[in-house]
Every structure is written in C-alpha cells, then in structure tokens.
Amino acid sequence: MITVIGESLVDIITDPRQPQEVQAHAGGSPLNVAVGAARLGLAANLVTHYADDRYGLMIEEHLQANGVMVIRGGSAPTSTATATIQPDGAAAYAFDIGWDINGAALPALGAVEGSSHVHTGSIAAVLAPGDQATLALVKAARQHATISYDPNCRPGISPDAAAARSQVELFVAASDVVKASDEDMAWLYPDRTPEESLLAWLDVGPSIVALTRGAAGPVVLSRNGRVEIPAEAITVADTVGAGDSFMAGLISGLAQLDALGAPARSRLRDITAGELHALAAYANRAAAITCSRPGANPLTSAELGSLTGSLTATEG
C-alpha cells in the first residue's frame, strides 16, 4: 500500500481560435502519481481535496476508474488550472487553487501509518493552510514508511523563491527519495548547478535524488553512485505528466527491489550501482511512453514491464 498526499484539480484548455473545443481533464501532480502507481500494480490511496461539483465528479470518476482509493478533506470548490492557447501556440495559465484537507486528519493519519510508502509534493507542500498538515503527515509516516517527494515548483502560485526553498528543504530532509526537474532546481537555486544542489540534498536525508532534464535524460544519484542516461528516442506528443510518470516508475521500481517501507530503509541506502541504473532506466522509460501520447496518461505495468528485465540487462 502507498499513500499519496496532494492536490487534485481539473486542467481546462481553451483556444480562442476554436472556442467550441474547450477540453477539461482531471490532473494535478500528486493525482497523476497516484494513478500512475495504481496502473503499475500498486495499491494506492490519495489524500486530497475536491468538492461535490461537476469538476469534482470528473476527478472522482477518474480516480475510481483507475482503482485509486480516496481520503478527501476540505470544503472549498474543486481547484482548476486554465490554460489559454496563445496565437503562437504557447499556453498562458491561470490558477484557481486551494489546498486544505481539514476534516480528513484522522483517516489520513491512519492511511499513512498503514502504508509502506508515502509520496507528496507540488502545491500541497507549499500552499497554506494544507502545507503544514501535509508536512505533519509525512513526519508521522516516517516510522512506518519510506517517503518520496517532488517539489514540482509553481512560481505562479508560490512566487517567493526564498520561502518556497525553505519549505522544500523541510520536505527534502524528511524524505528518502526526491525527484526534481532542471527547471525546479534553476528556480530554487539559481547560483549553483542542479547537480550541486542534488548533492547538497543527499547530505540532509535522502538516499536517492533524481534530476529530470527533458530531452537530455535523467541523472540519478545515491550515496554510492551516479547514473546518467539519455532520453529515449520517441515521437513526442506532449510532455504533460512525464515527471509524474517518472516518479511513479521510481516508486514501482523500488517496490520491485523490496526497498520500500521503514524496515527497508537500510536496503534503500545500500542500493547497488546496477540497481540504480536499472531504476533510472525504468523510470525514464515510464516518462518516455507518457510523452509519446497526449496528456497526463500514465502507462500500465503491461506496457512498462518489470524492473527485472532492466536489471538483468544492466548486470549482463
């Protein structure tokens, strides 16, 4: 069992050139990770918020269709992210987002205490008032579970980089696995390279840190090694949800290595170079397949296969 803590929202895509074709899809980075993990065969809870409105119903149907169990708090309307397509094809975003899981404290605590792994990140880790509840759940989970975290920075929502950096570092210190994009790291730490920042993070708690770099491929570091692999050669439909599929791939791969759960924390710290390479390749493949099709559409275990094949190829 894994538990993901974080926002659910609906992405609304509008194009003034085609006003009759407004598209709406369930999304949010934590939601995508929960769905991705469930599609890869893990039992997944999502501690989140959405209301009993039409967008909330869309989210609920999406989660139910993918077998994700939901613990829901808060009382605000369902959050949305509206992307308006500009004449040059770029998108301008407007957010209407709240993050509050008030009322779900006890069932959420029960979920994290009954899970072998807990994941969080994105808006849920920086937006008041729910950010403090999220951090408290992560800290409570450490006795029972390993922790993963993806800052997935949103400067439009938390524009104060210094404040965001302080909050991010609290979650990094409480985590065993951290994944960030090169854009995240450039915004959080503009005065040093992303890899220098990854190394600094390794010093404060995590056993594995991963950097996604789009077409340049990921870099993954542990306390015992470093792996850099190229991005897979694919035809890109779009990159929506790619980082979330990478994160779900990491979690699934670690589950296959029996490296999740507080009792396995030493196993995670001692991950071998071959295992780290296989893990990076597995998560990289998950992101690539997602990029090859439109939208945040995580892949299934049948599409991705098992980590065993990647590990065998690496060792061979």
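A: Let's start with strand S1: Ile2 and Val4 point one way from S1, Thr3 and Ile5 point the other way, and all of them are buried. Bear in mind that this is a predicted model.

Who sits beside S1? On one flank, S1 runs parallel to S4, and four bridges join the two. To find your way along that pairing, look for isoleucine 5, which stands opposite valine 47 in S4. On the other flank comes S8, also paired with S1 in the parallel sense, and again over four bridges. Here the residue to look for is threonine 3, whose bridge partner in S8 is valine 118.

Now zoom out to the whole sheet. It is an open sheet of nine strands with mixed pairing, and the order reads S5-S4-S1-S8-S9-S10-S11-S12-S13. The edges are taken by S5 (69–72) and S13 (226–228); each has a single partner strand, so one side of each is left without a neighbour in the sheet. From one strand to the next, the twist averages 15 degrees.

Before moving along, stay a moment at the end of S4 (residues 44–48), where you'll find threonine 48. Is threonine 48 buried or exposed? With a relative accessible area of 0%, threonine 48 counts as buried, because the cut-off for buried is under 20%. Its side chain makes a polar contact of 2.7 Å with the side chain of serine 8. Leaving out residues up to four places away in sequence, threonine 48 touches a set of residues that includes Gly6, Glu7 and Ser8, then Val70, Ile71, Arg72 and Gly73, and also Trp99 and Ile101.

S8 and S9 pair in the parallel sense over five bridges, with histidine 117 partnered by threonine 146 in S9. How many of the five residues of S9 are buried? Five of the five, so S9 is largely enclosed by the rest of the structure. Both faces are covered: Thr146, Ser148 and Asp150 are buried on one side, and Ile147 and Tyr149 on the other. The next strand over is S10 (residues 177–181), which runs parallel to S9 (residues 146–150) and is joined to it by two bridges. Serine 148 is the residue opposite valine 177 in S10.

What packs onto these strands?

Another is helix H4 (residues 130–141). At 1.5 Å a residue, its 12 residues should span 16 Å, and the end C-alpha atoms are 17 Å apart, which agrees. The buried residues of H4 are Gly130, Asp131, Thr134, Leu135, Leu137, Val138 and Ala141. Those residues cover an arc of only 160 degrees around the axis, which puts them on the same side of H4.

Most residues other than glycine have a negative phi, and most peptide bonds are trans. Serine 122, found in that loop, has a positive phi near 60 degrees. At 3% relative accessibility, serine 122 counts as buried. Further along, proline 129 lies in the loop between S8 and H4 as well, and a cis peptide bond joins alanine 128 to proline 129, with omega at about 0 degrees.

For contrast, follow the chain out of H8. Aspartate 258 sits in the loop between H8 and helix H9 (265–269). Its phi is positive too, near 55 degrees, but aspartate 258 is exposed, with a relative accessible area of 61%. The loop between H8 and H9 also holds proline 263, which counts as exposed at 76% relative accessibility. Proline 263 and alanine 140 are 123 residues apart along the chain, and their C-alpha atoms are separated by 15 Å.

Definitions and conventions
Residues are numbered from 1 along each chain as its sequence is written. This is a predicted model: local features need pLDDT of at least 70, side-chain atom pairs count only at pLDDT 80 or more; totals for chains, interfaces and linings use all residues. Side-chain values use heavy atoms; hydrogens and water are left out. Two strands pair if DSSP finds at least two bridges between them. Axes are lines fitted to C-alpha atoms, for helices over the stretch in contact, and angles run from 0 to 180 degrees between N-to-C directions. Buried means under 20% relative accessible area, exposed over 50%, partly exposed in between (1.4 Å probe, protein chains only). A polar contact is a pair of N or O atoms within 3.5 Å; within protein, one must be able to donate a hydrogen and the other to accept it, and residues adjacent in sequence count only if both atoms are side-chain atoms. Contact means heavy atoms within 4.5 Å. The expected span of a helix is 1.5 Å times one less than its number of residues. The arc is that of the directions from the helix axis to the C-beta atoms.
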